[in-house]
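Colleague: I'm new to this one. Can you walk me through it?
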Protein chains: 2
Amino acid sequence: MDNQKLGKQTYLPAVPPVIIGYGSSAGRKECEGPLGKRFDHTCADDRFGEKSWEQAESAMQQLALDAALKRAELHTVDLDYLLAGDLLNQCIGSSFAALEDGVPFFGLYGACSTMGESLALAALLLSGGYGSYAAAVTSSHFCSAERQYRTPLEYGAQRTPTAQWTATAAGATVLAARGRKGPCVTAVTVGKVRDKGIKDANNMGSAMAAAAYDTLSAHFQDTGRSPDYYDLIVTGDLGRLGHRIVTDLFAADGVTLENYNDCGLMLYDLARQDVHCGGSGCGCSASVLNSLLIPGLISGQWRRILFCPTGALLSPTSSMQGQSIPGICHAVALEGACS
Amino acid sequence: MDNQKLGKQTYLPAVPPVIIGYGSSAGRKECEGPLGKRFDHTCADDRFGEKSWEQAESAMQQLALDAALKRAELHTVDLDYLLAGDLLNQCIGSSFAALEDGVPFFGLYGACSTMGESLALAALLLSGGYGSYAAAVTSSHFCSAERQYRTPLEYGAQRTPTAQWTATAAGATVLAARGRKGPCVTAVTVGKVRDKGIKDANNMGSAMAAAAYDTLSAHFQDTGRSPDYYDLIVTGDLGRLGHRIVTDLFAADGVTLENYNDCGLMLYDLARQDVHCGGSGCGCSASVLNSLLIPGLISGQWRRILFCPTGALLSPTSSMQGQSIPGICHAVALEGACS
């Protein structure tokens with residue numbers, strides 16, 4: 001059987017690429033949350049030994065990739081290519097990390113959907129017959145994101161109830177084209193950019209919910225699957241409000257999402273950690289995938305997961321110019337055991 | 001024959017994807033240059049009917065894509081996916097264009113190498129068995145880039161002799177997986193991030209030259225080809241100084257590059273147009289490819305071109321933090337007639 005397209009946006013590899021390594025790094029607040037003990041590398045001061053928060057992001061990406069390569073029993077020289085991106089202007093977190101890694105590099109920008117985009121492209125390229133091993137990596141950092149998108153931390157600006165907390169975290173996944181055992185990528189639904197007119201940069205969950213609903217709907221329509229085909233459907237970082245909107249949009253279609261969660265609700269304890277609507281940032285879904293979801297597929301806790309990172313494609317400039325916030329969501333279907 | 005990897009960084013499609021459409025848009029200064037009459041869409045005031053320079057970039061991408069689709073005899077609904085990126089923070093030029101296009105979207109960040117990265121990924125995905133038609137698009141705008149990277153235009157800051165001129169231009173290429181005639185993508189060499197310690201943000205050509213030399217060397221080594229295999233080797237936007245450095249680096253290896261040019265030297269008349277070391281920006285190589293190079297492959301002016309866009313992966317933040325400028329270059333081999 002050949003690789004194929006199903007419906008309008010979904011692609012199925014004939015030989016699903018196998019996840020052979022996963023790694024994560026996270027900051028102090030993330031370590032105080034429910035997944036705290038699962039991260040491979042943590043740091044008490046969120047600097048990871050670097051002089052700036054931006055350089056800390058590069059360090060976090062490298063630590064996550066090192067952990068993933070160790071599990072995969074590979075070295076950077078074994079990787080055919082690296083796909084990575086982050087939230088920083090000009091994606092410097094990823095570029096400076098890739099400089100140190102010395103691996104052929106595809107830079108991506110998908111905002112907080114980057115873990116989905118990088119995983120999707122890695123799976124499609126490997127199953128397309130190009131190379132043996134690839135890595136998908138992304139990161140975010142609360143301090144670098146706050147000063148870039150909102151206000152410098154020193155201002156101590158008050159956050160609105162719909163705000164989310166940008167995760168200080170990174171995740172890395174290493175895939176093999178074939179010949180190894182482990183969880184695998186069985187389908188990819190490529191998202192479209194969607195915009196429902198939300199202009200409040202402190203309400204990203206609502207802005208991205210339309211994209212998540214759109215990609216999930218496309219996935220179900222393209223594949224003929226219903227939501228209960230998956231043990232877990234998990235969006236990237238919609239938080240409490242965005243998760244509710246997606247649930248409501250499907251309910252209006254007569255579809256009940258029983259098994260639906262969001263990485264922004266899983267990374268922190270919302271009742272205790274003062275993150276308002278939940279977590280966000282590229283590192284949110286990346287660190288949840290690479291600390292909880294992949295191990296859960298390996299252990300058999302879940303057999304099938306639909307992993308759907310979501311990104312808000314705004315910039316401070318587009319917001320200042322009065323434009324609304326476009327969103328995107330890529331869906332990646334993961335299954336527990338392939339070989 | 002299957003798709004294959006050659007050497008360490010090069011990939012060869014078994015069935016080379018065919019370029020079935022190309023389109024370009026450009027601003028006033030670009031229209032006054034040697035390629036002026038070749039662009040599909042031009043604009044006297046560099047606003048392209050929009051309220052801001054940033055929104056003008058989105059409009060330019062759409063105009064270039066429209067022209068490419070028209071030549072391909074396709075509509076946006078026929079595209080399986082779009083790969084695009086630009087220089088703006090958070091790549092808003094591409095995201096807002098993709099919102100209007102309504103096509104499944106992979107956002108990229110490769111700085112001025114983006115035309116190479118998008119073309120490479122489109123070719124690898126299509127020849128990997130995923131979809132029938134894809135578009136690769138990118139843009140840059142002098143005014144949005146100057147105020148973001150350097151100083152607001154109103155300051156009238158003096159430019160150094162090594163400075164280059166960010167092109168106000170966009171380019172779009174439409175590829176078909178098979179079944180059509182035209183120029184084709186026969187090989188892709190994926191670049192690594194390289195950094196030789198250049199810290200002067202007004203000397204991007206020197207910063208990127210190391211990456212161009214690295215990727216070109218890898219391409220020749222992986223394929224066993226010598227430079228004279230190609231009728232034209234063309235880097236992205238190294239300008240006069242970067243072009244000279246690459247020529248010198250190969251000369252030091254005993255290799256003479258006879259047939260080597262740079263898009264930054266082709267877009268403007270350097271003697272007349274006050275662009276110092278030449279053109280730069282994602283739109284530089286994108287508009288040269290989609291107005292001159294692809295038509296030249298179709299007409300038989302060139303049989304084989306090695307198209308090597310180069311990107312400087314800095315940000316104003318990384319420069320202010322004292323870091324040097326990493327660069328990347330992807331090489332895409334184009335041949336005149338495939339079917």
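Colleague: What sits over the ring of A:Trp165?
Modeller: The charged end of A:Lys29, 4.2 Å from the ring centre. The rule wants NZ of Lys or CZ of Arg within 6 Å of the ring centre and within 35 degrees of the ring normal. In chain B, B:Arg71 lies over the face of B:Tyr22, at 4.2 Å from the ring centre.

Colleague: Before we go on, where does this come from?
Modeller: This is a predicted model, where local features need pLDDT of at least 70 and side-chain atom pairs count only at pLDDT 80 or more, while totals for chains, interfaces and linings use all residues. Residues are numbered from 1 along each chain as its sequence is written, chains are lettered from A and ligands numbered from 1 in the order in which they are written, and side-chain values use heavy atoms, leaving out hydrogens and water.

Colleague: Switching to rings. How many aromatic pairs over all chains?
Modeller: The count is 14. Rings of Phe, Tyr and Trp (its six-membered ring) pair if their centres lie within 6.5 Å; planes under 30 degrees apart are stacked, over 60 edge-to-face, the rest tilted.

Colleague: Why is the pair of A:Tyr11 and B:Tyr130 edge-to-face?
Modeller: Because their planes stand at 90°, with the ring centres 5.8 Å apart. This pair crosses between chains: A:Tyr11 is in strand β2 (residues 10–12) of chain A, and B:Tyr130 is in the loop between α4 (114–127) and β7 (133–140) of chain B. Strands here are DSSP runs of E, at least two residues; helices are runs of H or I, at least four; both are numbered from the N terminus.

Colleague: Are those two tyrosines buried or exposed?
Modeller: Both A:Tyr11 and B:Tyr130 are buried. Buried means under 20% relative accessible area, exposed over 50%, partly exposed in between (1.4 Å probe, protein chains only). They also belong to one aromatic cluster with B:Tyr81 and B:Phe106.

Colleague: Now the interface. How many residues does the contact take from each chain?
Modeller: It takes 60 residues from chain A and 60 from chain B. Contact means heavy atoms within 4.5 Å.

Colleague: What area is buried between chain A and chain B?
Modeller: About 4800 Å², with carbon and sulfur atoms giving 62%. That is the accessible area (1.4 Å probe) lost on putting the two together, summed over both. In chain A, A:Gln90, A:Phe106 and A:Tyr130 lose the most to chain B, together 16% of what that side buries.

Colleague: How many salt bridges between chain A and chain B?
Modeller: Two. One of them joins A:Lys5 and B:Asp80, with the closest N and O atoms 2.2 Å apart. The rule is a side-chain nitrogen of Lys or Arg within 4 Å of a carboxyl oxygen of Asp or Glu.
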